[in-house]
Amino acid sequence: MSSPADQRQNDDSRRSGESQHGVHPIQSVKNVMHIGAGSDKPESAKATDEPQMQKVHVRRQFLRTKDVTVVEEKTLKQAIAGTVVGNFMEWYDFGIYGYLAVTMASVFTSGLPKSMSLIVMLLGFAVSFLVRPLGGIVLGPLGDRVGRQKVLFLTMGMMVVSTALIGILPTSKQIGVWAIVPLYALQMIQGFSTGGEYSGATTYISEFSPDRKRGFYSAWLDMGSYIGSAFGAAMVAITTTIVENGWGANAMVNGGWRIPYLLTIPLGILAMALRTHIPETPQFAAHQQRQEEEQEHWSHEAHEAAWRQESPWDRPGTMLYVIKRHWRRLLIAVAIVAATNTAGYVLTSYMPTYLREEVGTTPTMAAAATVPVLIIMALCLPLIGHLSDKIGRKPIYGIAVISTFVLVYPAFQLLHQGTFWSIQGALAMLAVPVAFYAGVSASTLPALFPTASRFSGMGLSYNFAVSLFGGTTPLVSQALITLTGNHDAPGFYIMFFAIFSGIAAIVMRESSKAPLPGSMPTVGSEEEARELVLTQEQNPNLDTSTMPMPMITVEIPVGQTLPQRPENIKPVIHHDSEFESEDNSENEKDGKSEK
């Protein structure tokens, strides 16, 4: 039922004995285990003509209605609101640093040459991204062990507190050059928490979304991100206008810069309240329950034998495990994230600096120029996600790559016209590839990894790429301009990474409409669940070999191969509680519907 491309995508995990279901390796050897031959037959029976029987432990291969996860619309909306608000806060917090970079350079690096002070401030932005992989390494496996919701609550708290504290830091006029140290320290805490925020949020919302609409619902996450960035820009612009009109041209340097940071406190309280009430994802909860149920059926000796045979590279819940099993998928994710975020951070965090320093706009225009474009782009993201549910994720990435090469260079040429409308037109051109990248990333990236390793895989690949390529974009862009004297250098930097994302999009498997690997199908209604089961053999998007199908023990004659539907054999040990509750008539009904 799976395509050759899907099979190749899973080769690295299947050859090494890893289960897509996230169970102990000893449970997933060909999904079959011979328990014993004739062990429970009396001696008198062996002398008769009855065949000698053997017990075989096997995974069920066909879906039943109870296997399908149904997510109620009310619960789904609650989950989306709780995750979107976190990403809104993340991009607001990081956004205001970018929008205030020139102002804060005067606040925290007074006495340094202007060109050097700006580099120091942009370095502070880059430093926060350099610790993001550490956050992913620590928080990713933690999320795969204790749950998505708990880690997302922790990351939200760290982000709110660290951002609010920046608003009360002493300046260089008060404590000299040491002022930059606590700023960098709080930026690093922000980076650590963000290392688990986006990867956890994408994992969370993808596991909650129905398979057929995952692109649409996941796109709301990035819509919250870019609206948060636009809100940060708007707050900086509004604050600048008010305080400079009321207290003079130096009002922002003299303390006005603190206002956007302190606004984090009421916003953060609201965000934390929403995060408190979001439930755990149904896929992770089901995964934990299956793990506990299946572990009960393995002997202590089997567990010890498996543990002795395992190296640290073979133990689920560790980064070494993820690197060994999923290195191809990690590389695909890194390429896509690098392209998405170099373009995204040029448009958001670096553009205010570029407009002030290279184009020569006023501080207010530099902060406010991106707001209309970001809002319009953000509102388009769910539409792009919906389109990807219809035509696939890979075609959307193709549009993103092509539009990068067609629009980015002319956009930088247009920026230097310097008028309001030319700047808006140029920013709109830059926003096109960013929108097509961002519109599908939250649904595509988590679908690269199975449930047991999804948070870890996302945490490592996303944060490595963002810290190395995305977060350093403002610093590298400014450095390239300084070194080459070419004002279009940031555009070429964006196009360079678009090449790798195009290659990644070609080799990755298509994930639209399909269940997440290592998870059961997710739908939005009971009716849709019944339809899915009835049509499963004609559905090209279903592959039960990547799903955590329940284990059963059946009895067959020695030497006989299993039939195509081993679940039709009466089980002798009930490893699936479903078998204990279903009567013969329901089994017959399921059997007819699945044929």
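I began with burial across the protein chain, and found that buried residues (under 20% relative accessible area, with exposed over 50% and partly exposed in between, 1.4 Å probe, protein chains only) make up 58% of its 595 residues. I noted that this is a predicted model, in which local features need pLDDT of at least 70 and side-chain atom pairs count only at pLDDT 80 or more, while totals for chains, interfaces and linings use all residues. Residues are numbered from 1 along each chain as its sequence is written, and side-chain values use heavy atoms, with hydrogens and water left out.

Next I turned to the nonpolar cores, each a set of buried Ala, Val, Leu, Ile, Met, Phe, Trp, Tyr and Cys residues joined through side-chain atoms within 4.5 Å. The largest holds 125 residues, and those touching the most other members are Met-104, Phe-108, Leu-183, Tyr-226, Trp-257, Leu-415 and Leu-427. Helix H16 gives the most to this core, with 20 residues. I followed Phe-108 and, not counting residues up to four places away in sequence, listed among its contacts Met-121, Leu-169, Ile-180, Leu-183 and Trp-257.

I went back to H16 (residues 319-359) for its packing on H18 (residues 370-391), where the angle is about 170° and the axes are 11 Å apart (lines fitted to C-alpha atoms over the stretch in contact, with angles from 0 to 180 degrees between N-to-C directions). H16 is therefore roughly antiparallel to H18, a term for angles over 145 degrees. The contact is made by Leu-347, Thr-348 and Met-351 of H16 with Thr-370, Leu-374 and Met-377 of H18.

I also checked Val-160, which is found in helix H7 (residues 148-166) and is buried, with a relative accessible area of 12%. Leaving aside neighbours within four places in sequence, Val-160 is in contact with Met-89, Thr-264 and Gly-268. Its C-alpha atom is separated by 8.7 Å from that of Glu-90, 70 residues apart along the chain.

Last I looked at Lys-513, in the loop between helix H23 (489-507) and strand S4 (522-523). Its phi is near 70°, a positive value in a residue other than glycine, and Lys-513 is partly exposed, with a relative accessible area of 32%.

Definitions and conventions. Helix = DSSP H or I, 4+ residues; strand = E, 2+ residues; numbered from the N terminus. Parallel < 35°, antiparallel > 145°, perpendicular 65-115°, else oblique. Contact = heavy atoms within 4.5 Å.
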